[in-house]
Amino acid sequence: MLELNINNEIHQVEAPDDMPVLWVLRDLLKKTGTKFGCGMGQCGACTIHINGQAMRACITPVGVAKNAKITTIEGVSRKGEHPIQIAWKENNVPQCGYCQSGQIMSALTLLENNKAPTDEDINNHMSGNICRCGTYPRIKQAIKQAAAVLATDTGDK
């Protein structure tokens, strides 16, 4: 029996240590916001945070997450009130929407480490997240908008 802290809630799950976190989230706990994309950690659709670090849930064994804090898209803001979620909506980022939870989770780690990312910073950081719809310009604009809002909220502008 594993005890996992997911979005600040403790969950008990029966899973082998080598089961990917993605299957624990989706199949055992029915948290379907994290998506399965390539299954090889290359597309970023399954991006979650483990202790604040962006990780690919499809290739990360759940044993790694013992005694760690896991954050999924459901843990960002259930009502969609986080500045990144608002920016995503206001910039009409989602097209098919499949990659968006992973994109947002990656964008959050960028903004946590870089309060005013340049285009190059955004391109470099987000290069591991693939959007088949090609919404990259809107993703970039949403990240810049969220950065500006977060800077205002914290007085870092």
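The sections below treat the basis of the model, the sheet, a helix packed on it, and a leucine.

## Basis

The model is predicted: local features need pLDDT of at least 70 and side-chain atom pairs count only at pLDDT 80 or more, while totals for chains, interfaces and linings use all residues. Residues are numbered from 1 along each chain as its sequence is written, and side-chain values use heavy atoms, with hydrogens and water left out.

Five strands form an open sheet in the order 2-1-5-3-4, with mixed pairing. Strand 2 (9–13) and strand 4 (53–56) are the edge strands, each pairing on one side only. From one strand to the next, the twist averages 40 degrees. Strands (E, at least two residues) and helices (H or I, at least four) are DSSP runs, numbered from the N terminus; two strands pair if DSSP finds at least two bridges between them.

Strand 3 (residues 47–50) pairs with strand 5 (residues 69–71) in the antiparallel sense over two bridges. Histidine 49 stands opposite threonine 71 in strand 5.

## Helix 3

Helix 3 (residues 100–113) lies across strand 3, strand 4 and strand 5, and runs at about 40 degrees to strand 3. Axes are lines fitted to C-alpha atoms, for helices over the stretch in contact (heavy atoms within 4.5 Å); angles run from 0 to 180 degrees between N-to-C directions.

## Leucine 25

Leucine 25 belongs to helix 1 (residues 21–28). Leucine 25 counts as buried because its relative accessibility is 1%; buried means under 20% relative accessible area, exposed over 50%, and partly exposed in between (1.4 Å probe, protein chains only).

Not counting residues up to four places away in sequence, leucine 25 touches Ile6, Lys30, Lys31, Thr34, Ile48 and Thr72.
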